[in-house]
Number of protein chains: 2
Amino acid sequence: MAKISALSGFPEWLPAQRLVEQHVIDVFREVAELHGFSEIQTRAVEPLSQLLRKGEIDKEVYVLRRLHAEEGDGETADPDRTLGLHFDLTVPLARYVLEHQNDLAFPFRRFQIQKVWRGERPQDGRFREFYQADLDVIGQDTLPGHIEADVAVVMAEILDRLPLPPVTIHVNTRRLSEGFFRAIGLQDLTAVLRSLDKLPKIGREAVRELLVSDAGASPEQAEKCLDFAQIRTRDDSFAQQVRDLGGSGETVEEGITELTAVMHRVEAAVPGVIRADLSIARGLDYYTGTVFETFVEGHESLGSICSGGRYDQLAADNRHTYPGVGLSIGLSRLVSRMLSADLARPSRPVPTCVLVAVADEEARPASDAAATALRRRGIACEVAPTAAKFGKQIRYADRRGIPFVWFPSSEGSDEVKDIRSGEQAPADATTWEPPAEDRWIRIAPTGR
Amino acid sequence: MAKISALSGFPEWLPAQRLVEQHVIDVFREVAELHGFSEIQTRAVEPLSQLLRKGEIDKEVYVLRRLHAEEGDGETADPDRTLGLHFDLTVPLARYVLEHQNDLAFPFRRFQIQKVWRGERPQDGRFREFYQADLDVIGQDTLPGHIEADVAVVMAEILDRLPLPPVTIHVNTRRLSEGFFRAIGLQDLTAVLRSLDKLPKIGREAVRELLVSDAGASPEQAEKCLDFAQIRTRDDSFAQQVRDLGGSGETVEEGITELTAVMHRVEAAVPGVIRADLSIARGLDYYTGTVFETFVEGHESLGSICSGGRYDQLAADNRHTYPGVGLSIGLSRLVSRMLSADLARPSRPVPTCVLVAVADEEARPASDAAATALRRRGIACEVAPTAAKFGKQIRYADRRGIPFVWFPSSEGSDEVKDIRSGEQAPADATTWEPPAEDRWIRIAPTGR
């Protein structure tokens with residue numbers, strides 16, 4: 001027998017923990033479908049040439065090879081024929097959209113919840129296998145600007161329904177940042193963004209030096225950049241602060257209009273969740289409009305649990321360009337924290353609501369009949385595996401976390417016991433209802 | 001841009017097709033939970049040593065390697081450290097049970113729906129990546145016999161709820177076959193089973209020869225084996241037929257009792273689905289009790305869509321042995337046939353029930369408000385992406401398969417149009433209900 005052990009970076013949950021993960025997935029799906037998003041799933045593998053298209057993430061890819069590949073059939077030097085596991089759901093989406101463009105209606109509203117794999121060293125709570133949950137709207141050649149707010153509203157509703165401490169969606173827009181830096185006379189916007197991105201890590205003083213040394217800023221310009229990056233408002237007062245710092249011109253005003261619109265739309269849908277945060281610089285080189293990052297109160301160390309934005313070219317061929325707006329939740333990372341910090345718990349650890357007791361093996365058909373009657377009305381139950389003494393059957397239910405034990409009777413005088421309170425009462429399997437809070441498993445926040 | 005193309009053996013569905021697949025998964029989950037089964041998911045990878053434990057499937061395994069693995073960190077000669085993708089859900093279950101035995105309550109009722117990978121040549125409709133859906137009850141050291149019928153009942157209920165042509169579960173038991181072959185004087189049971197397993201492929205005459213040449217049967221014994229393997233009954237009349245052929249003795253009678261019990265239990269739960277089929281020989285070397293195979297009427301060429309049975313040792317360590325009963329659906333293979341043969345169809349191709357029209361961009365907030373009111377009551381809707389002419393917005397809905405278009409009005413006199421009938425009527429977004437059959441997507445059999 002080979003050694004049995006957990007693999008670092010490949011999380012696995014116990015059944016009760018899996019209920020929390022599945023709940024997060026269910027909420028995501030329910031809200032996404034309510035907003036007219038269609039689910040797709042893509043194959044787990046892509047040609048290596050697709051995976052390495054951006055050229056920067058090659059270290060993370062897991063390459064596949066058939067253990068006993070025939071000659072010319074396994075891994076080859078040809079990156080079009082070698083397969084790797086996908087490391088996100090964006091590369092597969094780009095390929096899927098191009099491959100199926102004639103069968104899709106645009107704007108294409110899709111969500112996708114699948115495992116992805118990254119061969120990183122599993123440190124800092126990074127996983128090698130984890131769920132991502134993505135939400136994107138993809139246009140063919142064009143995509144209206146208001147979609148940016150639309151997608152943010154859907155994500156805000158998803159996050160709002162999850163059993164989490166308060167969540168804040170931080171939002172910025174590339175136009176506003178770029179417009180401001182230009183307005184105060186800076187040219188090397190990439191260098192400015194790269195410097196500001198280091199704020200949380202190295203602090204204000206060090207970033208000021210970087211802005212001067214790397215981004216060609218004067219001390220005054222550097223100071224203004226730092227002040228700009230400190231603007232965080234829950235309403236549209238960010239606009240006046242930007243103008244007061246010297247932000248002016250068409251691009252700045254466009255950025256203000258854009259950001260204000262997103263904030264108003266999200267605020268109307270889910271009050272209190274959105275916040276303008278002009279320090280967001282990460283990804284502004286990739287995203288071309290609004291950008292989002294999301295933090296959980298008290299768990300800021302997790303980093304952003306949900307990020308994304310507008311990008312002008314997800315994919316393109318010689319006929320069409322596909323712009324998009326997308327947001328992505330690092331679902332396993334979030335669930336892992338929910339479990340380790342005990343943020344949410346299922347109301348019971350198993351789906352079973354009722355254990356139907358068995359008086360003796362000859363009476364098992366009566367127990368089966370009671371279970372069938374309960375299931376017919378959607379009440380999850382199982383029949384005791386053995387006709388042990390009732391005390392032992394009750395302990396079995398208790399150990400598994402099953403709240404009710406049913407005692408069938410040949411005389412039609414069944415009884416049901418709530419083993420938490422010890423209360424026992426006559427009941428009819430064709431009509432008995434458990435209390436509403438016990439009918440289904442609920443996943444509730446613990447308030448931590 | 002790298003070449004975009006489908007990969008043979010890696011099926012992918014369009015959004016409307018994915019709805020069918022998700023429906024099959026949802027039904028599986030709902031029925032399994034109703035019977036008190038807990039879902040687990042296991043990591044996609046196992047050490048190669050685990051995957052090759054049985055020694056016979058090595059050609060199918062995909063081995064992983066990090067593209068830029070550091071020295072001593074990638075694939076090694078050590079099969080305990082090299083990782084491969086799982087090719088079924090049984091090997092991972094065995095490992096999971098051993099790894100988590102102290103945190104699980106036995107009998108452990110689990111279901112698991114995940115992708116598996118096999119590096120086979122993708123011919124004969126075989127996939128390299130596909131969903132399996134497994135249902136198992138695992139005991140610690142012991143597992144009562146009646147569990148075999150329990151698991152069959154759950155699977156019968158799942159299959160009964162799927163939008164499929166009539167399904168038949170064929171059942172046999174190892175005790176009955178072995179008892180019968182011994183009763184008529186045969187010794188080499190493995191050879192007998194191996195010969196009979198070839199019946200569908202090579203036919204009666206060729207199997208008769210094999211039984212004589214390979215299994216040491218006399219012509220009379222061979223004839224009896226063939227007659228035995230022809231016994232298929234919808235009720236317990238198989239028992240008399242076995243006895244008439246000379247089947248007698250304790251093992252035969254035990255087998256008859258076992259098989260009768262399973263048939264009665266399943267027949268009571270889902271009438272008409274179960275059938276005794278004494279030709280089932282495949283897997284009788286692995287399974288130690290009842291064995292199941294399942295066929296879809298008119299699609300027998302698919303082979304068994306759901307197989308399994310009782311096994312006395314899923315796993316073991318130096319403290320415990322874990323016997324089990326399990327059934328597994330080849331879900332992707334089944335869904336692929338459902339789609340290609342048009343056996344079932346979603347009532348609409350997208351989740352969206354209502355497209356809310358937009359009169360002009362200034363009026364978009366009114367459209368958003370109507371959509372929010374509808375969603376609040378669980379009616380899936382989306383707002384038109386652009387304020388095109390209403391005719392164009394209606395064609396957009398039509399192209400996407402959205403049944404209703406909503407026209408908001410600033411005077412509170414909204415209207416809703418069923419674009420299939422053309423009927424249009426005043427409506428209030430806070431109270432309007434779509435017809436019940438349009439509220440949710442239904443996946444209905446086409447009757448083919």
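A: The buried residues of α12(A) pack against elements of two chains: β14 (354–356), β15 (381–383) and β16 (404–407) of chain A, and α1 (15–34) and α10 (250–269) of chain B. Contact here means heavy atoms within 4.5 Å, and buried means under 20% relative accessible area, with exposed over 50% and partly exposed in between (1.4 Å probe, protein chains only). Helices (H or I, at least four residues) and strands (E, at least two) are DSSP runs, numbered from the N terminus.

This is a predicted model, in which local features need pLDDT of at least 70 and side-chain atom pairs count only at pLDDT 80 or more, while totals for chains, interfaces and linings use all residues. Residues are numbered from 1 along each chain as its sequence is written, chains are lettered from A and ligands numbered from 1 in the order in which they are written, and side-chain values use heavy atoms, leaving out hydrogens and water.

Helix α12 of chain A covers residues 364–376, 13 residues in total. From first C-alpha to last the helix reaches 18 Å, close to the 18 Å expected at 1.5 Å a residue; the expected span is 1.5 Å times one less than the number of residues. Its buried residues are R364(A), S367(A), D368(A), A370(A), A371(A), A373(A), L374(A) and R375(A). Just after α12(A), G378(A) has a positive phi of about 80°.

Turning to charged pairs, the whole structure holds 62 salt bridges over all chains, a salt bridge being a side-chain nitrogen of Lys or Arg within 4 Å of a carboxyl oxygen of Asp or Glu. In chain A, E46(A) pairs with R95(A), with the closest N and O atoms 2.7 Å apart. E46(A) and R95(A) are buried.

In chain B, R204(B) forms a salt bridge with E223(B) (2.8 Å, N to O). This pair links helix α7 (residues 199–213), which holds R204(B), to helix α8 (residues 219–229), which holds E223(B), 19 residues apart. R204(B) also meets D227(B) in a salt bridge (3.0 Å, N to O). D227(B) lies in α8 of chain B, so this pair ties R204(B) in α7 to a part 23 residues apart in sequence. R204(B) is partly exposed at 25% relative accessible area, as are E223(B) at 28% and D227(B) at 28%.

A network of salt bridges also links E12(A) with R43(B), E46(B), R95(B) and E99(B).
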